[in-house]
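Trainee: I'm new to this one. Could you walk me through how to read it?

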There are 6 protein chains.
Amino acid sequence: MSFKTAIIRKAHFNAAHRLNNPNWDKAKNKAVFGKCNNDNFHGHNYVLEVKVVGEVDPETGYVMDMKELKDIIKNEVTDKYDHKNLNLDVDDFKNLNPTAENIARVIYENISRQITSSNDLNIRLYETERNIVEYPA
Amino acid sequence: MSFKTAIIRKAHFNAAHRLNNPNWDKAKNKAVFGKCNNDNFHGHNYVLEVKVVGEVDPETGYVMDMKELKDIIKNEVTDKYDHKNLNLDVDDFKNLNPTAENIARVIYENISRQITSSNDLNIRLYETERNIVEYPA
Amino acid sequence: MSFKTAIIRKAHFNAAHRLNNPNWDKAKNKAVFGKCNNDNFHGHNYVLEVKVVGEVDPETGYVMDMKELKDIIKNEVTDKYDHKNLNLDVDDFKNLNPTAENIARVIYENISRQITSSNDLNIRLYETERNIVEYPA
Amino acid sequence: MSFKTAIIRKAHFNAAHRLNNPNWDKAKNKAVFGKCNNDNFHGHNYVLEVKVVGEVDPETGYVMDMKELKDIIKNEVTDKYDHKNLNLDVDDFKNLNPTAENIARVIYENISRQITSSNDLNIRLYETERNIVEYPA
Amino acid sequence: MSFKTAIIRKAHFNAAHRLNNPNWDKAKNKAVFGKCNNDNFHGHNYVLEVKVVGEVDPETGYVMDMKELKDIIKNEVTDKYDHKNLNLDVDDFKNLNPTAENIARVIYENISRQITSSNDLNIRLYETERNIVEYPA
Amino acid sequence: MSFKTAIIRKAHFNAAHRLNNPNWDKAKNKAVFGKCNNDNFHGHNYVLEVKVVGEVDPETGYVMDMKELKDIIKNEVTDKYDHKNLNLDVDDFKNLNPTAENIARVIYENISRQITSSNDLNIRLYETERNIVEYPA
């Protein structure tokens with residue numbers, strides 16, 4: 001019997017953002033996104049959980065080395081997003097509205113390129129303590 | 001490729017309850033439910049997580065608007081359960097033992113009527129920090 | 001130089017209560033205590049922190065044995081309050097409104113009788129994650 | 001014997017900010033404030049604890065009504081700071097660097113005007129889970 | 001329609017351990033396991049979540065009695081692992097490297113023998129707040 | 001008016017330890033320290049809060065730079081204690097029983113040498129979520 005095991009690594013980044021659809025006028029953006037549309041941005045302490053699912057290597061007892069996963073998260077996410085303005089400073093969101101749903105999907109895509117292809121990946125992102133997204137669901 | 005995304009919204013309610021099966025005598029209720037059967041009730045700060053799974057709307061970047069989900073939870077759960085006695089004040093539990101399992105299922109049924117039918121719903125309820133249920137599992 | 005050291009022990013109890021002043025009529029109680037006045041009670045997962053301040057015994061390296069403090073809290077608080085209705089089941093609140101302030105003071109008085117008189121005592125009580133009291137302040 | 005009691009109310013606001021001293025040149029600001037000086041701002045989920053110390057009213061069992069304190073915090077802090085850019089949108093920080101220390105002191109001053117003068121006030125502000133300030137200390 | 005329900009019970013144990021593969025020399029162990037290979041051990045406050053998935057009994061409103069699950073966890077995990085050295089004091093790890101992945105799988109195997117076979121079991125183990133594993137995934 | 005401000009920085013270290021008084025025989029050590037006396041050690045994820053109290057510098061808006069405090073904690077505490085056996089690997093506890101009380105006082109002494117003498121220092125150490133110490137109290 002060979003059940004798969006998941007490892008989950010937590011990380012944090014603090015960033016400014018605003019929600020806005022450039023194809024809509026100001027009134028519609030305000031109506032849809034409310035205070036999240038504030039012109040001068042607002043911000044969050046994002047909490048990120050990266051889950052990798054795979055077989056445990058019998059030699060190490062690891063799915064993968066947590067230190068390696070920590071480094072991938074640092075290179076692909078925190079070095080790029082932490083203490084930044086997601087809309088203005090980060091290429092990933094130059095043409096993509098930085099909702100929690102979109103941020104989670106972009107992080108998934110960026111990290112999945114660095115993970116052994118036989119392993120599965122899942123992203124959980126806390127925008128606040130009360131607003132959370134997961135991708136894929 | 002179209003992976004689904006989940007959004008999760010957290011809420012709280014503080015309620016009294018007791019566990020009791022009216023078809024059993026006092027001794028059997030005490031034997032099965034122990035101190036949770038206390039005649040004069042006890043209470044909890046329930047923590048609720050409502051998860052909605054669906055496709056991300058490319059116009060908004062949302063599965064659904066968190067504010068809309070927040071309002072549904074307020075109408076269907078917290079306005080009805082918060083600072084109430086679940087056994088005596090809430091119709092949902094007039095004939096149903098308010099175990100965490102049953103509360104979670106009732107919340108699922110009440111919220112699912114308000115959610116777009118193409119989206120999936122999942123309820124996680126913390127009765128205490130150490131006792132948690134999920135429905136459906 | 002002899003600085004004092006504090007030890008803090010955390011505990012939990014789940015109880016029903018209602019706020020009510022028997023010297024007031026129903027309307028005034030409702031006006032002052034709002035939904036906390038609900039006739040059939042509501043409830044909380046109370047979180048308790050008991051702090052004892054004293055000198056460290058050089059033989060043990062302890063202010064006092066945490067296991068002893070844990071037992072005092074069990075005898076004086078959790079065995080009496082957990083899974084109970086504070087208004088109906090607990091003598092301490094037969095004639096005292098069980099606000100968080102009053103519960104903290106009563107716990108202080110009950111525990112202080114069991115603590116070496118040269119040590120100081122402080123109680124922190126979380127009624128919810130957002131409502132906290134301390135006694136003495 | 002009349003010991004004082006403290007009540008603590010927790011609140012949250014999500015805001016963008018940057019640290020900058022306008023009397024310094026760009027290089028010195030970068031040297032002192034590092035990534036907190038990012039031109040386009042970054043942001044935080046600030047967690048606020050407001051502590052009020054006073055005597056317990058024997059009629060209510062309250063130091064003050066938590067709902068009243070909640071409303072004061074809403075009017076004086078969260079309505080003004082939440083989903084805002086502290087540097088650009090908030091008058092309090094037009095001429096004051098929005099470090100956690102300065103934000104805490106400004107919140108103290110704004111709330112203290114609304115609190116009965118015989119009560120003491122203390123502010124605890126979490127900029128992140130790991131960076132916290134208190135005023136007065 | 002009969003959806004399954006999950007119950008989750010949380011527990012804690014504090015243990016020492018070190019990671020080491022006896023088939024490797026000292027240099028390779030140090031290279032692979034880094035500071036987790038420290039000769040004299042280090043330690044953790046492990047947090048354990050045991051999830052049991054099954055049908056809700058209509059008589060009790062329970063998947064299974066949380067008190068029964070609590071006792072199983074005490075017998076199978078905390079009495080054996082708490083305040084112990086996993087490598088030296090616990091038979092389960094005499095010949096198995098106590099990585100979080102391996103600990104989770106062993107706990108799964110030990111608890112699954114005590115659970116009704118129609119119920120499913122899942123283990124989540126927090127080695128630290130930031131390093132988490134799940135089995136099966 | 002010049003009120004002082006406190007800043008608090010949180011850190012973590014994972015270590016093995018045992019409690020033992022070498023002047024006592026085995027039976028007395030077992031009687032006093034119970035399972036904390038386990039011959040082969042056990043371990044904890046220690047959480048540390050370092051509080052520095054001082055005046056806010058009007059130029060920076062800081063009591064002191066959090067990055068500087070973070071580096072002091074790294075040099076004086078986490079580099080020395082993390083993933084170590086406190087009894088065997090750390091000089092500070094060669095002749096001192098590593099109770100939480102003693103660890104907190106040693107951390108106080110080590111950090112206080114690195115802090116401006118006009119600032120006050122306070123240490124809060126969580127051995128577990130439920131056992132906490134503070135020095136000085």
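Predicted model: local features only at pLDDT ≥ 70, side-chain atom pairs only at ≥ 80, totals over all residues.

Trainee: What kind of peptide bond runs from E:Tyr135 to E:Pro136?

Mentor: First the general idea: most residues other than glycine have a negative phi, and most peptide bonds are trans. The bond from E:Tyr135 to E:Pro136 is cis, with omega near -10°. In chain F, a cis bond joins F:Tyr135 and F:Pro136, with omega about -10°, and F:Pro136 lies in the segment after β5 of chain F. For phi, look at A:His83: its value is positive, near 60°. You'll find A:His83 in the loop between α2 (66–81) and β3 (84–85) of chain A.

Trainee: How many helices and strands does chain A have?

Mentor: Chain A has four helices and five strands, and along the sequence they follow the pattern β-α-β-α-β-α-α-β-β. Its C-alpha atoms fill a box of roughly 60 × 25 × 25 Å along the principal axes.

Trainee: What rotation superposes chain D on chain A?

Mentor: Copies are superposed by least squares on the C-alpha atoms of residues with pLDDT of at least 70 in both. Here, a rotation of 180° with 0.0 Å of shift along its axis puts chain D on chain A, with RMSD 0.0 Å. The two copies are thus related as by a two-fold rotation axis. The same surface serves both: 100% of the contact residues of chain D recur in chain A.

Trainee: How many residues of chain D are in contact with chain A?

Mentor: Contact means heavy atoms within 4.5 Å. By that rule, 22 residues of chain D touch 22 residues of chain A. By contrast, no contact joins chain B and chain D, whose closest C-alpha atoms lie 14 Å apart. Buried area is the accessible area (1.4 Å probe) that two parts lose on being put together, summed over both. Chain D and chain A bury about 1700 Å², 47% of it on carbon and sulfur atoms. D:Asn40, D:Asn45 and D:His83 supply 34% of the area that chain D buries against chain A, more than any other three residues.

Trainee: How many salt bridges are there between chain D and chain A?

Mentor: Side chains of opposite charge can pair when their charged atoms come close. A salt bridge is a side-chain nitrogen of Lys or Arg within 4 Å of a carboxyl oxygen of Asp or Glu. The count between chain D and chain A is two. D:Lys35 forms a salt bridge with A:Asp82, with the closest N and O atoms 2.8 Å apart. Over all chains, the search finds 66 salt bridges. Among them is F:Glu134 with C:Lys51, at 3.1 Å between the closest N and O atoms. That pair crosses between chains, from strand β5 (residues 131–135) of chain F to strand β2 (residues 42–54) of chain C.

Notes
Residues numbered from 1 in each chain as written. Chains lettered and ligands numbered in written order. Heavy atoms only, no water. Helix = DSSP H or I, 4+ residues; strand = E, 2+ residues; numbered from the N terminus.
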